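Subject: The two-chain model, handed over

Hello,

Here is the structure I promised to pass on to you. Have a look at it first, and then read on for what turned up in it.

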Amino acid sequence: MRLMNDPPLLWLFAGILGLLLLASLAGWIMHRAAKTPQGRATVDNFNARTRAWWWMVAIFAVASLLGRMVTVAFFGLISFLALREFITLTPTRPADHRTLFWLFFVILPYQYVLLALDMYGFFIMFIPVYAFLFIPARSSLQADPENFLQRTAVMQWGLMICVYCISHAGALLFLPIPGFEDKGARLLLFLLLVDQLSDVFQYVWGKLLGRRRISALSPNKTWEGLILGGATAVGVGAGIWWATPFTPWQAAGMSLVIVVMGFLGGQTMSAIKRDRGVKDYGSILPGHGGVLDRVDSVCFAAPVFYHLTRYFFLP
Amino acid sequence: MVKPPLSARLTAALLVGLTKLISGAQARWQGCEPSPRQRVYFANHSSHLDFTVLWSSLPPELRWRTRPVAAKDYWLAGPLRRYLAQSVFRPILIERGGPSAREAFEQILDGLGTEQSLILFPEGTRSLDGAVAPFKSGLYRLSRSRPDLELVPVLLENLNRILPKGETLPVPLLSSATFGAPLAAAPGETKAAFLERARQAVLNLRQA
């Protein structure tokens with residue numbers, strides 16, 4: 001799966017490059033036009049986001065260039081950073097220390113080893129079955145029953161969201177769709193592009209036209225933003241059907257699934273953040289918050305997109 | 001100040017990198033800015049990582065003029081710790097339960113010299129649950145004998161979850177070191193009042 005031998009993939013990257021150039025140019029013009037302090041802050045935030053985007057796209061492009069294993073390792077790293085942000089914000093007790101060590105240094109890497117070895121059968125049930133049972137069993141050895149179920153649930157949930165769900169994005173690289181073998185990178189790029197554009201356009205349309213707030217959880221999300229931003233992302237997704245195994249209508253349908261799941265993921269992770277009393281999970285990406293703030297929508301979209309594709313497009 | 005040898009600087013860079021990787025430590029300069037002035041950074045203590053995290057949070061040029069006050073038996077046990085102590089951290093080593101408090105205090109004053117800063121954990125021992133114990137009197141006496149020192153409160157957060165007392169393997173969560181506004185003992189302030197004020201200065205950084 002070399003980038004250079006795959007013209008449609010190259011076109012996708014070229015398109016993304018064009019979008020980023022456009023965003024940088026727009027940011028530069030807005031920077032010169034902004035007068036009020038509030039406007040300046042919005043533009044600065046926009047520019048910080050764009051710069052972070054350049055980095056993320058560059059890293060992802062290098063990973064795809066270097067091949068499947070590097071991309072797998074890249075998603076392993078994302079899982080690691082996301083899980084770290086998640087567990088940091090949720091209450092565990094000293095008795096969980098060793099269980100957490102297993103989470104970070106055994107279960108997480110093993111899930112990605114299973115992915116790299118293309119062992120689908122075990123990949124799909126390792127965390128929901130084995131890790132699920134292992135976590136409470138390991139913690140129970142420490143004889144600290146306080147909030148036991150809550151602590152267990154937090155660790156299981158973090159593992160499911162940050163490791164299991166995110167690893168499905170990487171699993172797209174291994175889908176043996178007839179006539180589409182070794183072209184999984186395009187499916188992955190399709191997922192990430194639609195998902196992230198949906199986020200961006202929901203934000204942009206919401207800023208421009210948003211009036212009706214969806215819920216008190218996220219003050220920036222409006223119905224106008226969701227519908228127009230979602231429609232824009234679905235339009236883009238349908239427009240790049242030629243890079244996928246889908247027909248234009250199928251690509252639109254898949255994009256809609258990604259948009260809806262992504263939205264639900266963002267809402268869910270916001271609810272957790274509100275409960276813990278923070279705005280962002282971290283501060284690693286300027287303007288974006290933490291890694292988990294950026295991938296919250298992918299967490300929900302990736303496994304569903306993966307399974308629908310697997311169900312409908314594998315013989 | 002003499003520049004440390006290359007091997008020590010490389011070891012330091014490696015340790016700083018490793019510490020940041022494991023602890024995800026973020027430095028927040030809230031009440032003051034980094035400065036080469038002589039300072040005593042005093043922090044809450046809950047983990048073996050506390051010192052390296054605080055040290056790594058300082059800008060590189062300040063690290064070489066900032067030394068910890070530490071227990072002799074810990075830092076001289078084994079060749080690795082001894083190397084780190086002698087070449088990189090250069091701690092002021094105090095014998096636990098050894099010499100009189102006065103002697104130990106003289107040792108600290110000597111170690112400060114005219115350009116060194118100190119890292120001090122005034123609780124004297126690591127806390128198990130993250131609570132901050134009452135401070136021992138060394139901080140007060142330092143402030144009385146060297147009123148020119150800036151005493152900087154530092155709050156270290158989450159390190160008791162990353163490497164708690166009694167554990168050998170770290171869990172790589174995110175942590176932070178928050179630096180507060182410098183303080184000094186006021187004229188006429190009693191020892192107990194000052195120590196409690198210093199302790200509250202560390203605790204108050206928690207909500208900010």
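Predicted model: local features only at pLDDT ≥ 70, side-chain atom pairs only at ≥ 80, totals over all residues.

What does its secondary structure come to? The count is eleven helices and zero strands, so from the N terminus on the elements read α-α-α-α-α-α-α-α-α-α-α. The radius of gyration of chain A is 20 Å, close to the 20 Å that the globule rule gives for 315 residues, so chain A is as compact as a globular protein of that length. Along the principal axes, its C-alpha atoms fill a box of roughly 60 × 50 × 30 Å.

- Buried residues account for 51% of its 315 residues.
- Of the contacts between residues at least 6 apart in sequence, 71% join residues at least 24 apart.
- Chain A exposes about 14,700 Å², and carbon and sulfur atoms supply 70% of that area.
- There are 25 positive and 16 negative charges in chain A, and their mean positions are 7 Å apart.

At 29% relative accessibility, A:Val304 counts as partly exposed. Which residues does A:Val304 touch, if those up to four places away in sequence are not counted? They are A:Val257 and A:Met261. A:Met261 is 43 residues from A:Val304 in sequence, yet the C-alpha atoms of the two are 7.9 Å apart in space.

On to chain B, which has nine helices and seven strands. Its radius of gyration is 16 Å, close to the 17 Å that the globule rule gives for 208 residues, so chain B is as compact as a globular protein of that length. The C-alpha atoms of chain B fill a box of roughly 45 × 35 × 35 Å along the principal axes.

- Buried residues make up 54% of its 208 residues.
- Among contacts between residues at least 6 apart in sequence, 74% join residues at least 24 apart.
- Chain B carries 26 positive and 17 negative charges, whose mean positions are 3 Å apart.

Is helix H2 (residues 50-57) of chain B largely enclosed or open? Eight of its eight residues are buried, so the helix is largely enclosed by the rest of the structure. Among those buried residues are B:Asp50, B:Phe51, B:Leu54 and B:Trp55.

The nonpolar cores are worth a look too. The largest has 123 residues, and B:Tyr41 and B:Phe179 touch the most other members of it. Apart from that core lies another, of 28 residues, including B:Phe42, B:Phe135, B:Leu142 and B:Leu183.

B:Arg90 is in the loop between helix H5 (79-89) and strand E4 (92-94). This residue has a positive phi of about 45° although it is not a glycine, and at 21% relative accessibility B:Arg90 counts as partly exposed.

B:Ile92 belongs to strand E4 itself. Is B:Ile92 buried or exposed? It is buried, with a relative accessible area of 5%. Leaving aside neighbours within four places in sequence, B:Ile92 is in contact with residues including B:Arg67, B:Pro68, B:Val69, B:Ala70, B:Ile108 and B:Leu118. B:Leu109 is 17 residues from B:Ile92 in sequence and 9.7 Å from it in space, C-alpha to C-alpha.

Enjoy exploring it!

Best wishes

Methods: Residues numbered from 1 in each chain as written. Chains lettered and ligands numbered in written order. Heavy atoms only, no water. Helix = DSSP H or I, 4+ residues; strand = E, 2+ residues; numbered from the N terminus. Rg over C-alpha atoms; globule rule 2.2 N^0.38 Å. Buried < 20%, exposed > 50% of the residue type's maximum accessible area, 1.4 Å probe, protein only. Contact = heavy atoms within 4.5 Å. Lys, Arg positive; Asp, Glu negative; His and termini not counted. Charge placed at Lys NZ, Arg CZ, Asp CG, Glu CD. Core = buried A, V, L, I, M, F, W, Y, C linked by side-chain atoms within 4.5 Å. Areas by Shrake-Rupley, 256 points an atom, 1.4 Å probe, with all protein chains shown as cover.
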